[in-house]
Amino acid sequence: MANKKYDLIIIGGGPAAIAAGIYAARAKINTLIIAKTFGGQMTRKTVSIENYPGFKSISGADLVKKFVEHLQEYNVKIVSDSTGVIKKIGKTFSVKTAHEGWFDAMAVIVASGADPRPLEVPGEKEFIGRGVSYCTACDAPIFADKAVAVIGGGNSGFEAALALTKYAKKIYILEYAAEVKAEESNINLAQKSKKIKIMTSVEVKKILGDKFVSSVEYQNRRTGQAAALDVQGVFVEIGSIPATGFVKDLVDFNERDEIIIDSRTCATKTAGLFAAGDVTDVQYKQIGIAAGEGVKALFSVANYLRK
Amino acid sequence: MPKVKVFSTPTCPYCVTLKEFLKKNNIEFEDVNVAEDAAAREEMIEKSQQMGVPVVEIDGQIVIGFDKEKISQLLGIKK
Ligand SMILES: Cc1cc2nc3c(=O)[nH]c(=O)nc-3n(C[C@H](O)[C@H](O)[C@H](O)COP(=O)(O)OP(=O)(O)OC[C@H]3O[C@@H](n4cnc5c(N)ncnc54)[C@H](O)[C@@H]3O)c2cc1C
């Protein structure tokens with residue numbers, strides 16, 4: 001049986017993919033969106049989003065809802081699945097999904113964004129879901145009245161810690177560097193909170209427990225001394241890695257594993273294959289930028305399909 | 001009809017996807033918010049032996065996460 005064929009396949013469900021999808025529908029390009037989940041990193045936001053134009057303050061979940069509702073105004077085909085492989089045979093792209101089989105298209109936009117970066121210490125993998133979490137926004141309420149560690153003293157770490165104050169009884173922010181790096185206002189709020197303790201020059205060595213996490217072992221990088229903290233939860237907030245596992249040969253990567261694009265057009269090294277948003281080497285990563293990049297990629301696709 | 005119970009928090013993306021999947025397939029389910037319901041939270045941790053959402057209980061069987069294949073199999077949902 002021949003694969004179902006579209007003009008365009010968009011891979012992703014974040015702002016870049018959704019913006020591209022809306023423009024594609026309005027341009028009457030026969031489009032399929034393949035998305036693992038909708039919302040992308042916006043759903044990981046623990047505090048309100050306050051810098052997306054048109055919304056003074058909106059929760060990640062509500063902004064995602066608005067994006068998705070807007071997309072669903074149009075007749076765009078959506079498959080909720082994860083992309084496994086993209087191949088190009090002649091001028092046609094074939095995209096394989098985990099459960100729904102293969103789909104073909106003349107052009108592809110990769111807008112798969114980024115996944116949380118793992119810590120890579122012993123115990124981390126073993127305790128995923130049993131104390132270790134990469135989604136504070138999802139799992140924070142489950143740690144009501146527990147002590148938790150937030151790994152990473154960047155802005156996401158601080159926001160996670162502040163969100164956790166609603167539930168957890170004690171929150172340790174553990175930062176590897178000598179100083180934390182977050183917005184002034186978040187640092188001030190955290191310093192004022194009786195529940196939060198900020199610890200710098202901390203290298204997490206190991207996550208321990210039996211059925212569930214019970215402690216974190218670390219080394220103080222100033223003194224070299226080893227110590228442990230009794231915690232039942234570990235929230236990893238140390239940045240992200242581009243989600244590019246399915247597209248290896250068709251694109252080039254920079255040293256951060258981001259897809260290298262032509263910044264004018266979102267084109268990759270493969271004709272007909274475009275990339276947009278956090279998965280690319282675009283210098284800054286924000287919702288507004290990702291949406292704009294998605295739009296840019298779509299105009300390039302329209303141009304490419306006309307040829 | 002199988003008895004289906006979804007343990008979730010309002011802010012987790014896979015919870016939303018899971019519930020939409022059930023609705024699309026006309027599966028009735030009880031939706032419990034473990035962010036607010038402490039007893040349900042304990043029940044979920046106890047039954048699933050883990051601390052992540054979503055968790056689905058299908059006629060006493062526990063599925064952790066949005067495991068589409070397993071959920072489809074237990075509910076007899078065909079592609
Ligand atoms: C904690 C946190 C707070 C933030 N706060 C803000 C803020 O206040 N303001 C702001 O402007 N920006 C903020 N950002 C940044 C912003 O969220 C991102 O720049 C933006 O979401 C990037 O959009 P994207 O569409 O490129 O990718 P993502 O949002 O990462 O979306 C990627 C999508 O692709 C899907 N996907 C991944 N792999 C596959 C696959 N193999 N197959 C199918 N689908 C796949 C995912 O499920 C997801 O839906 C924040 C980010 C984080 C993590």
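This is a predicted model: local features need pLDDT of at least 70, side-chain atom pairs count only at pLDDT 80 or more; totals for chains, interfaces and linings use all residues.
## The ligand and its shell

The shell around the ligand holds 32 residues, of which Thr37(A), Gln41(A), Lys45(A), Thr83(A) and Asp278(A) come nearest. By residue class, this shell divides into 12 nonpolar, 14 polar and 6 charged residues. Three elements of chain A, namely helix α1 (15-26), strand β2 (31-35) and helix α6 (287-306), each supply at least two residues of the shell.

On the backbone side, an N or O atom of Ala16(A) lies 3.0 Å from an oxygen atom of the ligand, and a backbone N or O atom of Ile287(A) lies 2.8 Å from an oxygen atom of the ligand. From a side chain, a polar atom of Asn51(A) lies 2.9 Å from a nitrogen atom of the ligand. The ligand on its own has 1000 Å² of accessible area, and the protein covers 92% of it.

## An antiparallel sheet

In chain A, 3 strands form an open sheet, arranged in the order β12-β13-β14 with antiparallel pairing. Strands β12 (202-209) and β14 (226-230) of chain A are the edge strands, each pairing on one side only, and the twist from one strand to the next averages 25 degrees.

Between β12(A) and β13 (residues 213-220) of chain A, which run antiparallel, there are 7 bridges. Among the residues joined in this way is Gly209(A), whose bridge partner in β13(A) is Val213(A). In general, the strands of a sheet pair through backbone hydrogen bonds, in either a parallel or an antiparallel manner.

## Glu293(A), a buried residue of helix α6

Glu293(A) belongs to helix α6 of chain A, the helix spanning 287-306 that also supplies at least two residues of the ligand shell. Glu293(A) is classed as buried because its relative accessible area is 9%, which falls under the 20% cut-off. The side chain of Glu293(A) makes a polar contact, at 3.0 Å, with the side chain of Lys296(A).

## Ala267(A), a partly exposed loop residue

Ala267(A) is located in the loop that runs between β16 (240-242) and β17 (273-275) of chain A. With a relative accessible area of 22%, Ala267(A) counts as partly exposed, since buried residues are those under 20% and exposed residues those over 50%. Computed along the sequence, Ala267(A) and Gln225(A) are 42 residues apart, while in space their C-alpha atoms are 50 Å apart.

Terms used: Residues are numbered from 1 along each chain as its sequence is written. Chains are lettered from A and ligands numbered from 1 in the order in which they are written. Side-chain values use heavy atoms; hydrogens and water are left out. Two strands pair if DSSP finds at least two bridges between them. Helices (H or I, at least four residues) and strands (E, at least two) are DSSP runs, numbered from the N terminus. Axes are lines fitted to C-alpha atoms, for helices over the stretch in contact, and angles run from 0 to 180 degrees between N-to-C directions. A residue is near a molecule or strand if one of its heavy atoms lies within 4 Å of it. A polar contact is a pair of N or O atoms within 3.5 Å; within protein, one must be able to donate a hydrogen and the other to accept it, and residues adjacent in sequence count only if both atoms are side-chain atoms. Accessible areas come from the Shrake-Rupley method with a 1.4 Å probe; for residues, only the protein chains shown count as cover. Ala, Val, Leu, Ile, Met, Phe, Trp, Tyr, Cys and Pro count as nonpolar, Asp, Glu, Lys and Arg as charged, and the others, Gly among them, as polar. Buried means under 20% relative accessible area, exposed over 50%, partly exposed in between (1.4 Å probe, protein chains only).
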